[in-house]
Amino acid sequence: MELKKKVGYAAAELVKDGDIVGLGTGSTTHYFIEKLGKRIQDEEIEIMGIPTSYQSSLLAKDSGISITTLEEYSIDIAVDGADEVDNTLNLIKGGGAAHTMEKIIDEAADKFVVIVDDTKIVETLGAFPVPLEVIPEARRTVSEHVKKFEGIPALRMAKMKDGPVITDNGNFILDVQFKLIEDPAYLEKELNVIPGVVENGIFAGIVDKVLVGTPEGVKSIKKK
Ligand code: 5RP
């Protein structure tokens, strides 16, 4: 938790007065949003947030960050977490089932910054299953499709509710375990053309910078 806090707080310093900020989802962005709220209060800067989930929207409100929408504004900077980051800054996201809105907002931002602790850095993506947000009626047919890519699908089950996780958009999540993903951009596109898939958790080629929390401090990796 300490590394997530350090990296979340460091990312909050990248935001400038007047920015419209994409607010990611998860336990690392929790610290980013918390610190951004503190900066707004202490420095009297004007910032508006565009949340990627109910989680980030509620936290932003509690932290004193005004909320707006993509309909009203373009995004200067988006800051979000990730479940895996490979050596060319492709990601797997969706551990919190929020990847559809996250991809819309992160991709639309002028600058997309990812914040992770050092456990998330991998050579090649694929140890973490790829989450697919799926229209409930398409659960079985999508599950059959992903087997063609040697994927093993599992319906994500809720913890404090009987039955499956229901996303903020009212859909199911299929977590698909692949072998190592050598070509994330290809797989990202192939998964999204399966009928019934709303969005998948591979984010290929859209990251500008990754901040990594390590025991030696926060390290920055820029897109090459
Ligand atoms: C939510 C996400 C999160 O950003 C990702 O799961 C990382 O979460 P955490 O910071 O809690 O490790 O993609 O859908």
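## A hairpin to start with

Let's begin with a pair of residues you can find by eye: Thr 214 stands opposite Gly 217 in strand S14. Strands here are DSSP runs of type E with at least two residues, helices are runs of type H or I with at least four, and both are numbered from the N terminus. S13 (residues 209-214) and S14 run antiparallel and are joined by six bridges. Together, S13 and S14 make a hairpin with two residues between them.

Before going on, know that this is a predicted model, where local features need pLDDT of at least 70, side-chain atom pairs count only at pLDDT 80 or more, and totals for chains, interfaces and linings use all residues. Residues are numbered from 1 along each chain as its sequence is written, and side-chain values use heavy atoms, with hydrogens and water left out.

Now look at S1 (residues 20-23) and S4 (residues 77-80): they run parallel, with three bridges joining them. Val 21 is found opposite Ile 77 in S4. For the angles, axes are lines fitted to C-alpha atoms (for helices, over the stretch in contact), and values run from 0 to 180 degrees between N-to-C directions.

## The four-stranded sheet

There's also an open sheet of four strands, ordered S9-S10-S8-S11 with antiparallel pairing. S9 (152-155) and S11 (197-200) are at its edges with a single partner strand each, so one side of each has no neighbour in the sheet. On average, neighbouring strands in this sheet are turned by 30° against each other, direction ignored.

S8 (residues 130-134) and S10 (residues 172-177) run antiparallel, joined by five bridges, and Pro 131 stands opposite Asp 175 in S10. H4 (residues 99-108) turns up here too: H4 packs on this sheet, touching S8, S10 and S11, at about 65° to the direction of S11. Helix H5 (residues 139-147) lies across S8, S9, S10 and S11, running at about 15° to S10.

## Around the ligand

Which residues come nearest to the ligand? Of the 18 around it, they are Thr 25, Ser 27, Thr 28, Asp 83 and Lys 120; a residue counts as near if one of its heavy atoms lies within 4 Å. A backbone N or O atom of Thr 25 is 2.8 Å from a ligand oxygen atom, while an N or O atom in the side chain of Asp 83 is 2.7 Å from an oxygen atom of the ligand. Glu 102 has a polar side-chain atom 3.1 Å from an oxygen atom of the ligand. Taken alone, the ligand exposes 380 Å², and the protein buries 92% of that (areas by the Shrake-Rupley method with a 1.4 Å probe). Helices H2 (27-43) and H4 are the elements that give two or more residues to the shell.

Conventions
Two strands pair if DSSP finds at least two bridges between them. Contact means heavy atoms within 4.5 Å. A polar contact is a pair of N or O atoms within 3.5 Å; within protein, one must be able to donate a hydrogen and the other to accept it, and residues adjacent in sequence count only if both atoms are side-chain atoms.
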